[in-house]
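Reader: I've got a model open and I'd like to learn how to read its features. Can you walk me through it?

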Amino acid sequence: MLDAVSPLAATSTEAKLYDALIIGAGFAGMYQLHSLRDRLGISAHVLEAGDGVGGTWYWNRYPGARCDSESHSYCYHFSDELVQGWEWSERYPSQPEILRYLNYAADKLDLKRDITFKARVVSASYDEGENLWHVRTEQGGHYAARFLITAVGCLSSANLPKIDGISDFQGKWYHTGEWPHEGVDFSGKRVGVIGTGSTGIQAIPVVAAAAKHLTVFQRTANYSIPARNAPLTDDFKKYVRENFAEIRDVMRSTVNGHPWRIADRSVFDVSDEERDKIFEMAWEKGGLRLRAEFRDVLTNEEANEVVSAFLKKKIGQIVKDPAKAAILADIDHGFATKRPPIDTGYFETYNRDNVALVNLRAEPIERITATGVKTSKGEYPLDIIVFATGFDAMTGPLFNLNIAGRNGLALRDVWREGPRSYLGLQVVGFPNLFTITGPGSPSVLTNMIVSIEHHVEWITRCMQHVVASNAQTIETTQQAQDAWVTHVNAVADMTLFPSCNSWYLGANVPGKPRVFMPLPGFPDYAQRCSDVESNDYRGFELTR
Ligand SMILES: Cc1cc2nc3c(=O)[nH]c(=O)nc-3n(C[C@H](O)[C@H](O)[C@H](O)COP(=O)(O)OP(=O)(O)OC[C@H]3O[C@@H](n4cnc5c(N)ncnc54)[C@H](O)[C@@H]3O)c2cc1C
C-alpha cells in the first residue's frame with residue numbers, strides 16, 4: 001500500500017481502505033486492476049454491480065448478441081501470453097464466447113479475488129481533508145481510496161423509453177441490455193421489437209426465426225452491411241498467432257482502431273464503374289471494412305451520399321415487398337454518422353411471412369396497453385415486447401455513480417450543459433479521479449479495446465508519476481480543460497458526425513444536452529496524450 005495512504009486508515013475506520021478503487025469489471029476494469037496491482041504494486045480493488053466479470057458481455061445476453069469488431073481484434077492486446085492462449089472460433093465472436101474469453105483472462109490474471117461482485121456503486125465523494133474518495137454501494141458497502149477510476153463503460157446504462165402504459169402490459173417485456181440469464185422462450189409467441197439500432201438489427205433475425213410472429217417497430221431506418229460471419233480457418237488462426245504484433249500496430253495507427261488501414265483515396269478519385277466494383281467487393285467481404293474503402297466517407301457530404309446511395313439500393317434489392325423496402329430505405333442520416341450496424345440476414349428477415357414492419361414515423365406509438373402496442377393507426381397484440389432502445393450513453397453510467405468532488409461539487413451539475421473534460425480522462429474539481437473512455441476521448445468511435453488499453457496504460461503511468469513525485473493529488477486545470485473542449489468540438493466539426501440525431505450526441509435520451517461526446521481520430525489523440533505525458537503532465541497540477 002502507498003505510504004501516504006496507510007496512516008489515514010485510522011480516520012476511515014468503517015471504510016475498507018485501498019490505494020485505488022476501480023468501478024466496473026469489464027475489459028477496462030479488469031485490465032486496470034491487473035495494471036495497478038501487478039505492475040504498480042499498489043492495493044487496488046474493483047466494485048462490480050453484476051455477479052461476474054464481463055461488463056457489456058455479462059449483461060447483453062439477448063438473442064443474436066455478437067461483436068461487430070472482428071474477433072482477433074476484440075481481445076486484450078497487451079499480453080502475448082493471453083493472445084497465444086486463446087483461440088476464437090468465428091470471425092465475429094458471439095456474446096457467450098466473449099464472456100468465456102473474459103473469464104479466461106480474469107482467471108489467468110487471477111483477478112477475481114480482488115473484485116467485489118454484486119456491489120452497485122451509488123455514491124462516490126471526495127473528502128479533501130483526508131484526500132480520499134469515499135465510495136458507497138447499494139448493498140451497504142463503504143470503501144475508500146486515494147485514487148478512483150471509473151471503468152463503468154460507455155454503454156452500460158439501459159435506456160428505456162418513457163411510453164405510457166408499460167405497467168399495464170400483461171405479457172413480458174425485456175430490455176436487451178438487461179437480458180435474463182436464463183434466456184427467453186419465444187416459441188409460439190407474438191413478439192414486438194422496438195428499435196432498429198445495432199442491437200435490434202442483431203436480434204430481429206434470431207427472434208423472427210424463433211417466434212410465431214414478429215412485429216418490428218421502426219422509428220429510424222438504418223443502414224446495415226452483411227457481417228458474413230463464418231468459422232475461422234486454421235490458416236487464419238495461424239496467421240493471427242504469428243503476426244499479432246503487426247496486427248496490433250495497425251490497430252493503434254488507424255482512426256477507428258480496427259485491424260485494417262483506411263484507403264488513401266477519395267470517393268471521387270475513381271470512376272463510377274470502378275467505385276461500384278469496390279463497393280460490391282466490400283459488400284461481399286462483409287463487415288465494417290466497407291467504411292474504410294475511401295478516406296472521405298465521414299468528412300465529405302457528397303462522398304458520404306454516394307456510399308449511402310449504394311447501401312440504400314441494396315435494401316431495395318434484398319427486400320421483396322416494395323412497401324417494406326421503402327420504409328427500411330427511408331434513412332434520414334448519412335452512412336456511419338451513427339454507429340454502423342452489421343448483420344446476419346437482417347433485411348432478408350423482412351421477406352418472412354411471420355414478420356411485419358411498423359413505421360413509427362407514420363404512426364407513432366401512443367401507449368402500451370394490457371395486450372400490446374397501440375399506435376396512432378392501430379393496435380398490435382403481443383405476448384412479449386423487446387426494447388432494443390440502446391443506452392444513456394457515456395454520461396449515463398457516470399451520473400449513476402453520484403460523483404461529488406471538491407466542496408461537494410456534483411459531476412451531474414458540472415456537466416449539466418454537456419460533458420467537459422481534459423483528454424476525456426479528468427475533470428476540474430475532481431482530483432485523483434480518472435474516467436476510462438470518458439467523454440472527450442475516442443472511445444465509442446473505435447474498436448474499443450484499443451481505446452481501453454491506451455487509457456489504462458496512460459492512467460497507470462500517470463499514477464506512478466504522482467506516487468514517484470510524492471504528490472498527494474493530480475488534477476487538471478480549468479485552462480487545459482477549456483482548451484480540450486474547444487479542440488474536441490473543432491475536430492468533430494470537421495466530420496459529418498454532428499449532422500444527425502445520434503446517441504453520440506445524446507439525441508436518444510429526452511432532455512439530454514446535444515453535445516458531441518466522443519473525439520474522432522485515435523492516433524492523433526494518442527499522440528496528444530503522449531505529448532502531455534512527456535511534457536511533465538502539461539495541463540495537470542500536482543499538490544504535494
Ligand atoms: C451490444 C453491444 C455490442 C458491442 N459491440 C462492440 C463491438 O463490436 N466493438 C467494440 O469495440 N465495442 C462494442 N461494444 C462496446 C463495449 O461496451 C466495449 O467494447 C467494451 O465491452 C467496454 O468495456 P468496459 O469495461 O469499458 O465497459 P463495460 O463492458 O460496459 O463494463 C462496465 C462495467 O461497469 C459496471 N458498472 C456500471 N455502473 C456501475 C455501478 N454504478 N456500480 C458498479 N458497477 C457498475 C457494469 O456492471 C459493467 O460490468 C458493444 C456494446 C454493446 C452494448
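**Rings, ligand and loops**

Author: Let's start inside: Phe-279 and Phe-310 are both buried. Keep in mind that this is a predicted model.

Reader: How do I read a pair of aromatic rings?

Author: A pair of aromatic rings is described by two things, the distance of the centres and the angle of the planes. In this structure the count comes to 36 aromatic pairs. Take Phe-236 and Tyr-239: their ring centres are 5.7 Å apart and their planes are at 45 degrees, so this pair is tilted.

Reader: Where do Phe-236 and Tyr-239 sit in helix α6?

Author: Helix α6 covers residues 234–253, and the two are three residues apart in it, separated by about one helical turn. Phe-236 is partly exposed at 24% relative accessible area, and Tyr-239 is partly exposed too, at 39%.

Reader: And how does the pair of Phe-279 and Phe-310 read, centre to centre and between the planes?

Author: That aromatic pair is tilted, with 5.0 Å centre to centre and 35 degrees between the planes. Phe-279 belongs to helix α7 (residues 272–285) and Phe-310 to helix α8 (residues 301–318), so the pair ties together parts 31 residues apart in sequence.

Reader: Which residues form one aromatic cluster?

Author: One cluster includes Phe-27, Tyr-31, Trp-57, Tyr-74 and Trp-86, along with Trp-88, Tyr-101 and Tyr-104.

Reader: Which rings have a charge over them?

Author: Two cases to look up. The charged end of Arg-61 sits over the ring of Tyr-58, 5.0 Å from the ring centre. Arg-265 lies over the face of Phe-294, and there the distance from the ring centre is 5.0 Å.

Reader: On to the ligand. Which residues come nearest?

Author: There are 35 residues around the ligand, and Glu-48, Thr-56, Asp-68, Tyr-74 and Met-448 come nearest. Tyr-74 is also in that aromatic cluster. By class, the shell has 20 nonpolar, 11 polar and four charged residues.

Reader: Which helices each supply at least two residues of that shell?

Author: Those are α1 (27–40), α2 (56–59) and α13 (448–468). Of the shell around the ligand, α2 gives the most, with three residues.

Reader: Which atoms lie 3.1 Å from a nitrogen atom of the ligand?

Author: One is a backbone N or O atom of Ala-49; another is a polar side-chain atom of Arg-339. Met-448 also puts a backbone N or O atom 2.6 Å from an oxygen atom of the ligand. Taken alone, the ligand exposes 970 Å², and the protein buries 96% of that.

Reader: What should I look for in backbone angles?

Author: Most residues other than glycine have a negative phi. Asn-407 has a positive phi of about 50 degrees, although it is not a glycine. Phi of Thr-437 is positive as well, near 50 degrees.

Reader: Are Asn-407 and Thr-437 buried or exposed?

Author: Asn-407 is exposed, with a relative accessible area of 75%, while Thr-437 counts as buried at 6%. Asn-407 is found in the loop between β17 (403–404) and α12 (411–414); Thr-437 is in the loop between β18 (433–435) and α13.

Methods: Residues numbered from 1 in each chain as written. Predicted model: local features only at pLDDT ≥ 70, side-chain atom pairs only at ≥ 80, totals over all residues. Heavy atoms only, no water. Near = heavy atom within 4 Å. Polar contact = N/O pair within 3.5 Å; in protein donor to acceptor, adjacent residues only side chain to side chain. Areas by Shrake-Rupley, 256 points an atom, 1.4 Å probe, with all protein chains shown as cover. Helix = DSSP H or I, 4+ residues; strand = E, 2+ residues; numbered from the N terminus. Nonpolar A, V, L, I, M, F, W, Y, C, P; charged D, E, K, R; others polar. Phe/Tyr/Trp six-rings, centres within 6.5 Å; stacked < 30°, edge-to-face > 60°. Buried < 20%, exposed > 50% of the residue type's maximum accessible area, 1.4 Å probe, protein only. Lys NZ or Arg CZ within 6 Å of the ring centre and 35° of its normal.
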